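Thanks for coming, everyone. I will keep this short. Let me put the structure up.

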Amino acid sequence: MPRYVLGLDSSTQSLSGVLLDLDSHELAGSWSINFDEAFPSYGTRHGVLPADDPCVVHSPPLLWVEALDMIFAAMVDDQAPLGEVCALSGSGQQHGSVYLNSTAEATLAGLDPAKSLKENLQHIFSRPTSPVWMDSSTSTECREITIALGGDTAVAEATGSIAFERFTGSQIRKFFKDEPDCYRQTAEIALVSSFMASILGGCIAPIDHADCAGMNLMDIRSRDWHDEALAATAPDLARRLRQPVPSWQVAGNVSSYFVSRYGVSSEAINVVWSGDNPNSLVGLGLVRPGDWAISLGTSDTLFGLMKKCQVNTDGEGHVFVSPTGDYMSLICFKNGSLAREQIKDAYGLDWPGFADAITSTPKGNDGKIILPYFEPEIVPKVLVPGIHRFGLAEDDAAGNCRAVVEAQMLSMRIHSSWMGQEPTRIFATGGASSNDAILQVMADVHQVPVVRISVDNSAALGAALRAAHAWYRNDGDGRDWSSVVEPVLSGMCGETISPDSDAAGLYDSMAEAYAEREKLVRDGGQE
Ligand code: ADP
Ligand code: XUL
């Protein structure tokens with residue numbers, strides 16, 4: 001009998017699902033529900049509620065509940081083989097939190113298949129909205145937590161990241177301060193991931209180590225709640241949180257609600273959900289230390305698997321636990337495609353023209369450098385936008401094209417060194433990864449092979465692969481991570497771009513030169 005695993009992805013704007021055939025290693029179907037389009041009555045825009053204060057960004061969790069019914073109904077409409085699903089798991093947008101009252105546990109255990117999930121669950125919330133990762137209204141609370149724990153370095157060493165506004169700890173603190181009565185009525189605090197897993201399993205599902213690392217509340221090394229962080233956040237917090245668990249933990253079987261209503265196999269195991277970035281790590285096949293991915297999207301994001309826990313105390317990156325049980329980094333560079341596009345457009349080029357310009361110029365660009373902060377930059381932290389050229393004329397079109405891409409790759413190299421782990425290979429994904437010239441610069445600057453990979457929804461696929469891994473593990477089949485992910489992902493990998501080893505020394509010196517220029521600009525010096 002064929003066996004399938006289901007991976008769901010509850011993201012900011014949509015709920016998606018992929019069904020993976022474990023025997024053929026092929027995708028058997030994919031579905032997606034766009035929140036704004038499917039549920040206009042909630043009034044969300046791009047999945048979040050409009051607010052007077054632009055720093056306050058919440059979503060209604062009941063919308064996610066309704067979407068879960070809708071996606072299962074869509075799968076049934078398409079005659080997806082839900083009766084042959086042996087395991088399921090999911091991905092939630094990281095950091096967002098859901099607040100449940102004391103009726104939640106019993107209500108989840110007694111879901112009535114004759115009613116919709118919305119009808120079943122509408123009274124379980126102690127807070128009708130959930131702050132999500134786009135919320136930046138908690139600077140005061142971040143400061144309070146940081147002071148209580150002894151400064152940025154102490155918070156990062158303890159929890160894997162300095163206190164960030166979108167991380168769950170400061171969000172919980174703000175809720176406790178602003179709405180103490182509602183906080184008092186909160187029996188359980190879930191992340192988006194554990195909330196959705198709780199519905200699927202019909203019980204309160206624990207938070208997995210990987211997503212838990214985005215809360216500023218877990219001891220990143222012991223993977224238990226950090227008592228002082230809990231105390232600095234809100235009173236009696238420990239009793240509102242379950243013990244965090246490894247990402248391969250099975251949270252029971254799927255709830256009978258989904259068995260009766262949608263025909264999901266009653267034997268299907270519900271593997272704890274995780275955050276979108278940890279899931280994407282697996283969905284892109286990063287299961288060995290030294291495996292990195294660089295996503296060249298609107299912003300550029302670098303994430304990598306690390307064996308050892310190294311933290312960054314300057315706020316330039318995060319350390320999460322990886323779903324494999326190792327660690328992972330996440331670093332976000334804002335001026336990604338945004339900057340490449342500005343340069344391309346400034347010289348009237350299209351993408352092939354931009355690529356030709358890069359290949360027509362020498363590696364290292366004869367020492368010409370640009371610092372392309374078209375927008376304020378996250379890494380390194382640059383608040384005032386500005387374009388800074390060194391030895392590079394503004395009318396040198398080709399020089400500027402190479403300079404912007406070299407700058408981005410050098411910046412990634414410099415600002416990932418805190419990981420203490422060199423990459424052994426880099427998977428390139430996102431819109432700009434179709435550009436060979438850009439990937440060649442990436443390979444040359446990092447001096448490792450770059451593999452182009454194209455995965456439609458790496459978070460949902462990662463969730464399906466985690467479900468598969470947990471299912472094999474549960475079944476006594478000692479299959480390692482590589483043998484779970486590689487048969488599925490090999491078909492999604494394109495060609496490998498090899499580094500030019502002759503350019504190694506050149507980029508070592510250029511990294512130093514670039515870092516000096518960056519320091520000069522950040523210190524307010526002149527080019
Ligand atoms: P996101 O998911 O972050 O919105 P994508 O991963 O879809 O973004 O990437 C979109 C970006 O890819 C576009 O903004 C564009 O600048 C860039 N892009 C598309 N094609 C190319 C190309 N051939 N070379 C370089 N960049 C490209
Ligand atoms: C990561 C972050 C986002 C969210 C939503 O720290 O805030 O990537 O996970 O995608």
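How many cavities of 30 Å³ or more does a search of the whole structure find? Three. Before I go through them, one caution: this is a predicted model.

Start with the largest cavity. Its space comes to about 110 Å³. Around that space sit 13 lining residues. Nearest the centre are Phe333, Asn335, Glu377, Gln408 and Ser411. Two elements give two or more residues each to this lining: strand E16, 369–373, and helix H16, 397–414. H16 supplies the largest share, with four residues. By class, the lining of the largest cavity splits into eight nonpolar, three polar and two charged residues.

Next, the second largest cavity. Here the volume is about 60 Å³. Which element gives the largest share of its lining? Strand E8, residues 188–191, with three residues. Sorted by class, that gives seven nonpolar, one polar and three charged residues.

On to the ligands. Ligand 1 is surrounded by Gly297, Thr298, Ser337, Glu341, Trp351, Gly430, Gly431, Ala432, Ser434, Asn435 and Ile438. That shell has three nonpolar, seven polar and one charged residues. Which side chains make the polar contacts? Let me take three. A polar side-chain atom of Glu341 sits 2.2 Å from an oxygen atom of ligand 1. Asn435 has a side-chain N or O atom 3.0 Å from a nitrogen atom of the ligand. Ser434 places a polar side-chain atom 3.4 Å from a ligand 1 nitrogen. How much of ligand 1 does the protein bury? Taken alone, ligand 1 exposes 590 Å², and the protein buries 59% of that.

Ligand 2 has its own set of residues. Around it are Gln94, His95, Trp133, Arg166, Asp276, Asn277 and Leu330. Two of them are nonpolar, three polar and two charged. Look at the oxygen atoms of this ligand. His95 brings a polar side-chain atom to 2.7 Å from a ligand oxygen. For Arg166, a side-chain N or O atom is 2.7 Å from an oxygen atom of ligand 2. Gln94 contributes through its backbone, with an N or O atom 3.2 Å from a ligand oxygen. On its own, ligand 2 has 290 Å² of accessible area, and the protein covers 84% of it.

Last stop, a hairpin. Strand E2, residues 14–21, and strand E3, residues 27–34, run antiparallel. How many bridges join them? Seven. One bridge pairs Leu20 with Leu27 in E3. Between the two strands are five residues. In that turn, His25 has a positive phi of about 65°.

That is my tour. Over to you for questions.

Methods:
Residues are numbered from 1 along each chain as its sequence is written. Chains are lettered from A and ligands numbered from 1 in the order in which they are written. This is a predicted model: local features need pLDDT of at least 70, side-chain atom pairs count only at pLDDT 80 or more; totals for chains, interfaces and linings use all residues. Side-chain values use heavy atoms; hydrogens and water are left out. Two strands pair if DSSP finds at least two bridges between them. A residue is near a molecule or strand if one of its heavy atoms lies within 4 Å of it. A polar contact is a pair of N or O atoms within 3.5 Å; within protein, one must be able to donate a hydrogen and the other to accept it, and residues adjacent in sequence count only if both atoms are side-chain atoms. Accessible areas come from the Shrake-Rupley method with a 1.4 Å probe; for residues, only the protein chains shown count as cover. Ala, Val, Leu, Ile, Met, Phe, Trp, Tyr, Cys and Pro count as nonpolar, Asp, Glu, Lys and Arg as charged, and the others, Gly among them, as polar. On a 1 Å grid over the protein atoms alone, a cavity is a set of points where a 1.4 Å probe fits but cannot get out, and a pocket is an open set with protein on both sides within 12 Å along at least five of seven lines; lining residues have an atom within 4 Å of a point. Grid points are joined across faces, edges and corners, and a volume is the space filled by probe spheres set on the points.
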